[in-house]
Structures are given as structure tokens and as C-alpha cells.
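I opened this entry to keep a record of what I looked up in one model. The notes go from the whole chain to single residues.

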Amino acid sequence: MKKIVLFLFVSISVHLLNAQEKENPGRIKKEADKNYQEKEYSSATKNYIKLIEIADFEVQKNGAAYNAACCLALQQKVDSSFIMLKQAIRFGMNNKSHLASDSDLNILHKDERWSKLLNEVKEPKSYNTDPELANIVVQDVYNFWEAYDLAQNSNNALRIYDQYYFEKASPGMEDYMGLKVSSKKYFVKHIESHPKLYKTIRKNTLKVDDYKKDIQKSFKELKEIYPSAKFPDVYFVMGAFTSGGTVSSSGLLIGINQMSDGEDVNTEELDFGDKLLMNQSENIPYIVSHELIHFQQNDLKNDTITLGYAIKEGMADFIGELISGENANKKIVDWAKGKEKQIWADFKKDMYYDRYNNWIANYSKASEDSYPDLGYWIGYEICKSYYENAEDKKQAIRDMLTIQDYRKFLVDSKWEEKLEQL
């Protein structure tokens, strides 16, 4: 099973939900994921099907439908699982390798329908390997501002944003919203609850063109140090302060409103954690470079230990810095100076457990004395140490992007020995 699978879309009828459930897709997904983790597959199935019905975005429906099929298979409900998967194929599923290797679906492999189903799956598109051919897409940002202006004089902002922003979404925006924004209502609520911020960031959100050359330069630098790199399109969108950047099969997805700070920007409506999420527009090339490295990480071992998560994020910061000239998370690096040994001592207590939320994406708990996202810094330092100790630097990049044992990589990096010398 995979919590998010980008290539599935299913239309399924379910029982009517009460109004409270309709307004809380995030809560239902969280409950469904919890059911799955606790092996309560019947409850998980019901909740995933509820999510399919109420989700606003196709990616959310995709993930929920696939997860429901997995849960049905784990309950040995073979026919129902096949029905779900066939629906998914009909609506464009093309992640054939994941489908074929997902152990949750093993019971289906014995069925004569399995090979036929696999043959029905379309092959995924091949990715561009020429850095000069990657597109930089900014139309979603202009669509947002058109919707924003119209919504100021409307008593139905949700309808306006739906018509002028969401319905015009690029493939990248579709994925970003489904992966990082719980619902359209949540998005509109965010915009409306930050009027001072959105009245002052427009100019800075439209600066992407100023950095296209820097982005393209970083892409070319990656090609030099990692010749097998893939170069997807880059999509800039207006999000809801839930992600400055992520990746999907569509490409690199950047939440430009989190890259729009400046002298004339009013951030008083943001809490401490959200203010840390804000970056100057000059940070755009570094964020893009970070996400570009994430796009290359398909050959990394999937692991749920905190060390693995930290190395994946820190690697994106480190190699991103090599190709762009700056760390995308410089705030974290600056804050960690002088605190290295204490941070590491704290991290070691969690690193072999699944305690992701203590070290990554923990901005809601941020304070001046407790900085968020320190897992990025940990991973960055480990990867930097590995690279500095390597005689063959290009091989070091290949090693990072194909890690199969995070514990061994930590030892090979000699990071702890380096830390003792500080």
C-alpha cells in the first residue's frame, strides 16, 4: 500500500455522509490511515470509500481508491479488490511497477485475472533527460490573481475560486492541491483569513520569470554531476501555506506564496511557524533545486525509520546546494550553529524509529527555542560529510541517490567522527 498514489481515479457510489464528514476530508483520511496502520482493514476500507466521495481533488480520490483496493485484498475480498483496480485503470492508472510489487495485493497474483489486469495498465510516460527542455509553468499564479480580484466583490468566494482557479488548474496544480491542500474550502478559508498578507504579496509572486535562467542553470549543473538525471516541468501555484514544494509524476510543484516575502509584505497574520515558512523570492531557484533532487530519488530504499526520512530531505538540500549555490533551508543551518552536538544527541533517540513528526514538517510546534525541520539539517550534514570524504565525487552523488541501507550510509559518512571534532 502507498498512502498517496498519483495515477488512480475512481468514481464510486457510497452512502450519503453527514455534513460534518463532508467538511473534513483530512480527518477522514487520517482516520483511514490509522485504521490501516492498526490493521483494521474493514474500517479503513469504509473510510477510504468515504474519502473518494467527498474529496475535492483527483489525487485524493486516486490515493483513497487504491488504498481501498489494498484493504479489500488484505481482507481476501478478491472480487471487490479487482473491481476497484479495474476502475482505476479505466481512469488512467499507469504506475505499473508499484502495482506489480505491492505486497498488499499478493492474494490477487494467484488469480487468473491478475496478468490480464497488469496488461491493461498503460505504461508511464518517459521523462525528459534534457535540462533545456523542461518547462516552467506559471499560469496557475495568474489564474489565482484573477480569481482573487473577482472574489473580493463576491459573496460566494468558493464558487469564484472554483471557476477561475481550480477548474483551470494545470496538471501540476491538480497534484499539488490533492497532495498538500485538504479541500477547496480549506484553501479559501486560508486566503480569507490572511487579507493583509495577500494584499501585499502579489508583486513578489509574479517574479518567477526573474529566476528562470538560474533554474535552468541549476538543471544543467545536475546533468554535469549526475548524467542520468531526469528534468520534469516546474509548476508554480498558489497554495495554502501547507507546502513550499513537493513532487509528483507531473513534475516539481512549488507553492509560490511561501516564496514571496519582502520589505512591503505584511506577515502579522502568520504565526511563528508560518513566518519561518516564508522566504524571499530570491530563494526560488534553491527550492526548485531541492525538489529536483527529490525527483531523482525513486531508486532509494523505502524505509520508515526517521534516519531515512532525514537523509532523503537533507540529500535534497545538499545536492540542491551543489547545483544552485545555496541551501534551500539556510535558516535551519544558521539556527543549528553551536547546537550541533545537542541536536544530534536528541536525534539519536529517534533515528531508528518512525518518529518523522519530531524532526520534519513540525512547524506547528515551532518556537524560538525549538526550531522545526531539523531533520533536514541532520540529513544535510550526513550527506555533506559523505561527499567530502569521497574520492570520486560523481560516484558519491550516485551512491546517495541509490541508498539501500541508511544505517550503513550513516557509518560510511563518518558524520559522527566529524561531529566529535567540533
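The entries below cover the overall chain, the sheet and a few single residues.

**Ground rules**

I am working with a predicted model, in which local features need pLDDT of at least 70, side-chain atom pairs count only at pLDDT 80 or more, and totals for chains, interfaces and linings use all residues. I number residues from 1 along each chain as its sequence is written, and side-chain values use heavy atoms, with hydrogens and water left out.

**Whole chain**

Helices (H or I, at least four residues) and strands (E, at least two) are DSSP runs, numbered from the N terminus. I noted a span of about 60 × 55 × 40 Å for the C-alpha trace along its principal axes.

Next I checked burial: 52% of the 422 residues count as buried. Buried means under 20% relative accessible area, exposed over 50%, and partly exposed in between (1.4 Å probe, protein chains only). The accessible surface of the protein chain is about 20,200 Å², and 45% of it belongs to carbon and sulfur atoms. These areas come from the Shrake-Rupley method with a 1.4 Å probe; for residues, only the protein chains shown count as cover.

For contacts (heavy atoms within 4.5 Å), I took those between residues at least 6 apart in sequence; 72% of them join residues at least 24 apart.

I also counted charges: the protein chain has 57 positive and 65 negative side chains, with the centres of the two sets 3 Å apart. Lys and Arg count as positive, Asp and Glu as negative, while His and the chain ends are not counted. The place of a charge is NZ of Lys, CZ of Arg, CG of Asp or CD of Glu.

**The sheet**

In what order do the four strands stand in the sheet? I read E1-E2-E4-E3, an open sheet with mixed pairing. Two strands pair if DSSP finds at least two bridges between them. E1 and E3 (245–248) stand at the edges with a single partner strand each, so one side of each has no neighbour in the sheet.

I then went through the pairs. E1 (residues 136–137) runs parallel to E2, joined by two bridges, and Ile136 stands opposite Val234 in E2. E2 and E4 (residues 251–255) are also parallel, over five bridges. Here Val234 stands opposite Leu252 in E4, and Phe236 faces Ile254 in E4. E3 and E4 pair in the antiparallel sense over four bridges. A hairpin joins E3 to E4 through two residues, and Val247 stands opposite Leu252 in E4.

I checked burial strand by strand for two of them. Five of the five residues of E4 are buried, so E4 is largely enclosed by the rest of the structure. For E2 (residues 233–237) the figure is four of five, so E2 too is largely enclosed.

Ile225 is in helix H15 (residues 212–225) and is partly exposed at 21% relative accessible area. Which residues does Ile225 touch, not counting those up to four places away in sequence? I list Ile319, Ile323, Lys394 and Ile397.

Phe272 lies in helix H16 (residues 272–277) and counts as partly exposed at 31%. Leaving aside neighbours within four places in sequence, Phe272 is in contact with Ala366, Ser367 and Glu368. Phe272 and Thr242 are 30 residues apart in sequence and 14 Å apart, C-alpha to C-alpha.

**Positive phi**

I looked at two residues other than glycine with positive phi. Lys39 has a phi of about 60°; Lys39 lies in the loop between helix H2 (25–37) and helix H3 (41–54) and is exposed at 62%. Ala361 has a phi near 55°; Ala361 is in the loop between helix H20 (340–348) and helix H21 (374–389) and is exposed at 52%.
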